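Subject: Handover of a structure and the findings from it

Dear colleague,

Please find below the structure that I am passing on to you.

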Amino acid sequence: HLLPDRSADMKVWRGPFRGARIVANPRASLRKLLGIYERELNGWLSAALPRVSRVIDVGANDGYFSFGGAAAMRRAGRSAEIICFEPQPQHLEELRRAIDAQPEPLPNLRLIAALVGEHEDAGTTTLDALAVADRDNTLIKIDVEGGELAVIAGARSWLRPSNLFLIEVHDSSYIEPLMKTFASHGLTLQQIDQQPLPILGREQRDVDNRWLVSQL
């Protein structure tokens, strides 16, 4: 309760995203600042980020993943292309404020105010429709609160060995179809489950939530 209860410009101090600048509510983001938010993924992220030159963040929220990826590439002296998809006005405002707070050198950053799904429609787009120079060496993070299957159905052109995926799964029944879809393209996903931290315990998320990540 000593922390401000409003969005503020903050720095991530530890973890694979250290050095990132985000705009978020400190009361809800302390684990992010300490680098232990979704800490089950930290080892995978540390190995994955050096392999890519682009991050696509589907469901960017406050930009922790987007700006964290940019910070990791900045520390390595590499240029970064960051593409954020976020439909919610509150998070769009936080993302725009965070863009203004980014240190030099600035990443090549695109913010797209749209949902991502299987088909293009009013307010919805697909990853297959995304205009980019190429479709290789990209880390694609998907956190869409139950819309994972639809996003992948509209992202078939990205299912190639040079790309890496991190998918937050909100329904355990999605795991098998997602793994089968990737396998049909010669790709393997591995499952990472939530692991409570000592003393701090579990994060506030559904017990059914887990992650599927590309096998490195």
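Is β8 mostly covered or mostly exposed, and how many of its residues are buried? Strand β8 is mostly covered, with five of its five residues buried. Please bear in mind throughout that this is a predicted model.

The burial of β8 concerns both of its faces. On one side stand Thr-138, Ile-140 and Ile-142, on the other Leu-139 and Lys-141, and all are buried. As a general point, side chains in a regular strand alternate between the two faces of the sheet.

The sheet

Strand β8 belongs to an open sheet of seven strands, arranged in the order β5-β4-β3-β8-β9-β11-β10 with mixed pairing. The edges are taken by β5 (108–112) and β10 (189–193); each has a single partner strand, so one side of each is left without a neighbour in the sheet. From one strand to the next, the twist averages 15°.

On one side β8 is joined to β3 by five bridges, and the two strands run parallel. Here Ile-56 stands opposite Ile-140 in β8. Strand β8 (residues 138–142) is also joined to β9 (residues 164–169), by four bridges and again with the strands parallel. Ile-140 stands opposite Phe-165 in β9, while the bridge partner of Lys-141 in β9 is Leu-166. Helix α6 (residues 175–183) packs on the sheet and touches β9, β10 and β11 (210–214); the direction of α6 makes about 150° with that of β10.

Helix α3

Helix α3 covers residues 64–75, 12 residues in total, and reaches 16 Å from its first C-alpha to its last, close to the 16 Å expected at 1.5 Å a residue. The helix is mostly covered, with 11 of its 12 residues buried. Among the buried residues of α3 are Tyr-64, Phe-65, Phe-67, Met-73 and Arg-74. Just after α3, Gly-77 takes a positive phi of about 75°.

The nonpolar cores

The largest nonpolar core has 34 residues. Those with the most contacts inside this core are Phe-17, Leu-41, Trp-44, Leu-45, Phe-65, Leu-139 and Leu-166. The elements that give two or more residues to this core are β2 (21–24), α2 (42–48), α3, β4, α4 (89–100), β9 and β11. Helix α3 gives the most, with seven residues. Leaving aside its neighbours within four places in sequence, Leu-41 is in contact with Leu-166, Ile-192, Trp-211 and Val-213.

Salt bridges

Side chains of opposite charge can pair when their charged atoms come close. In this model the count comes to nine salt bridges. Three of them are described here.

Glu-81 forms a salt bridge with Arg-54, and the closest N and O atoms are 2.9 Å apart. This pair links distant parts of the chain: Glu-81 lies in strand β4 (residues 81–85) and Arg-54 in strand β3 (residues 54–58), 27 residues apart. Both Glu-81 and Arg-54 are buried. They are also part of a network of salt bridges that links Arg-54, Glu-81, Arg-110 and Asp-134.

Arg-160 forms a salt bridge with Asp-136, with the closest N and O atoms 3.3 Å apart. Arg-160 lies in the loop between α5 (148–153) and β9, and Asp-136 in the loop between β7 (124–125) and β8, so the pair ties together parts that are 24 residues apart in sequence. Arg-160 is partly exposed, with a relative accessible area of 29%, and Asp-136 is likewise partly exposed, at 28%.

Lys-180 is exposed, with a relative accessible area of 53%.

Yours sincerely

How values were computed: Residues are numbered from 1 along each chain as its sequence is written. This is a predicted model: local features need pLDDT of at least 70, side-chain atom pairs count only at pLDDT 80 or more; totals for chains, interfaces and linings use all residues. Side-chain values use heavy atoms; hydrogens and water are left out. The expected span of a helix is 1.5 Å times one less than its number of residues. Buried means under 20% relative accessible area, exposed over 50%, partly exposed in between (1.4 Å probe, protein chains only). Two strands pair if DSSP finds at least two bridges between them. Axes are lines fitted to C-alpha atoms, for helices over the stretch in contact, and angles run from 0 to 180 degrees between N-to-C directions. Contact means heavy atoms within 4.5 Å. A salt bridge is a side-chain nitrogen of Lys or Arg within 4 Å of a carboxyl oxygen of Asp or Glu. A nonpolar core is a set of buried Ala, Val, Leu, Ile, Met, Phe, Trp, Tyr and Cys residues joined through side-chain atoms within 4.5 Å.
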